[in-house]
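Q: Please take a close look at a single part of this structure and describe its setting in the whole.

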Amino acid sequence: MEPQRPSLKPAAASLSLGQYHISEEYGFLLQNPLKELPDHYRPWMEIANKLPHLIESHQLQAHVYKMPLLDCRFLKGHRERRLAHLVLAAITMGFVWQEGETQPQKVLPRSLAIPFVEVSRNLGLPPILVHSDLVLTNWTKRNPEGPWEISNLETIVSFPGGESLRAFILVTVLVEKAAAPGIKALVQGVDAVLQHSQDTLLQALQQVRLSIQDITRTLAQMHDYVDPDIFYTVIRLFLSGWKDNPAMPVGLVYEGVATEPLRYSGGSAAQSSVLQAFDEFLGIQHCKGSGFLHRMRDYMPPSHKAFLEDLHSAPSLRDHILTSGAGSCLIAYNQCVEALVELRSYHINVVARYIISAAAKARSRMPSHPSPHAPEDRGTGGTAVLSFLKSVREKTVEAILHPCA
């Protein structure tokens, strides 16, 4: 189990990353994720290790129906539960979408549903594949002493999509890693505001900017490794949920858990704590669309969500800069915001290529058979993705400070 949510009293206590399951070196990534569960859970791992083949050969559903109902009591510790959540989430996505978006499964069998919901409750996560599964828990280094490069990383659980799927996950892992120095720096920035230390604050802001710029450069690797057509026609489906999805309008029945269908959003970049942490530190408020952003916090590990909430409760960086008279900090603050605008602009370009353009290309190949379940303007999280991302970018631009002369 994760620790109880720490309590931060504004202007009285500083943030400590360790309290929130956050690492100075790895950021929000789980350190040294496990690759195997105890032997009792071999039936889960045997399916998970063959997941792409089982889905592509249309055998996964048959394997799941034969799966024994296993007791979760033998899962010991946080990392075992995180791997169990990843494994059960991945099997669930494959099971639901094995036959494509026109024939989703409407009922999750009890042998999968019951342990998945139990592990989810233990972790404080929803019973669906989330960012903390697909990315934060789903990486390992081939050579532990080797570099943080895509060639030295591997996924633990996979889906159909081949090299593009592997790269989509691992580039996102590298984005999370690139954020780590910035997350460490923003905590130093909060402390600097509490201590009224302008020099320390300036250094922290400069590091935050560098980290955001590094994230943008890292995200560019998507174009080198991930084929837009494969992302749109193959990978996207297995990230799709059963909330705000026309393919599953009433949700999914978790057999043995609830008689009524449950509805959960699919995977979304908004489930990463990185950009929301920078927003909270910089005091960027997203009025339009903020409901979705805040709802996505319920799809994060609870300690990461608590970190965002405590950042929000910390003394205002913007107010401090405006009242301190330190022009160098104001310039550095604006440079952070501008770097975040550039990152969000780049993210919009990525989404336009991998969802909007790829959807148009897929539609042109099958003009007589448009899919009623795949509106091209919707992301896997269920939002009207381009208008949402543009509104988020606009609010970021508005955060630039213009002090009175």
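A: Helices (H or I, at least four residues) and strands (E, at least two) are DSSP runs, numbered from the N terminus. Residue Q276 belongs to helix 11, which spans residues 273-282. This is a predicted model, in which local features need pLDDT of at least 70 and side-chain atom pairs count only at pLDDT 80 or more, while totals for chains, interfaces and linings use all residues. Residues are numbered from 1 along each chain as its sequence is written, and side-chain values use heavy atoms, with hydrogens and water left out.

Buried means under 20% relative accessible area, exposed over 50%, and partly exposed in between (1.4 Å probe, protein chains only). Q276 counts as buried because its relative accessibility is 6%. Its side chain makes a polar contact with the side chain of R297 at 2.7 Å. A polar contact is a pair of N or O atoms within 3.5 Å; within protein, one must be able to donate a hydrogen and the other to accept it, and residues adjacent in sequence count only if both atoms are side-chain atoms. With residues up to four places away in sequence left aside, Q276 touches A270, L293, R297, M300 and L308, where contact means heavy atoms within 4.5 Å.

Along the principal axes, the C-alpha atoms fill a box of roughly 70 × 50 × 45 Å. Of the 405 residues, 55% count as buried. Among contacts with a separation of 6 or more, 78% come from residues 24 or more positions apart.

Two further residues concern the backbone. H21 is not a glycine, yet has a positive phi of about 60°; H21 lies in the segment before helix 1 (42-49) and is partly exposed, with a relative accessible area of 30%. D244, also not a glycine, has a positive phi of about 55°. D244 sits in the loop between helix 10 (228-235) and strand 4 (253-254), and is partly exposed at 37% relative accessible area.
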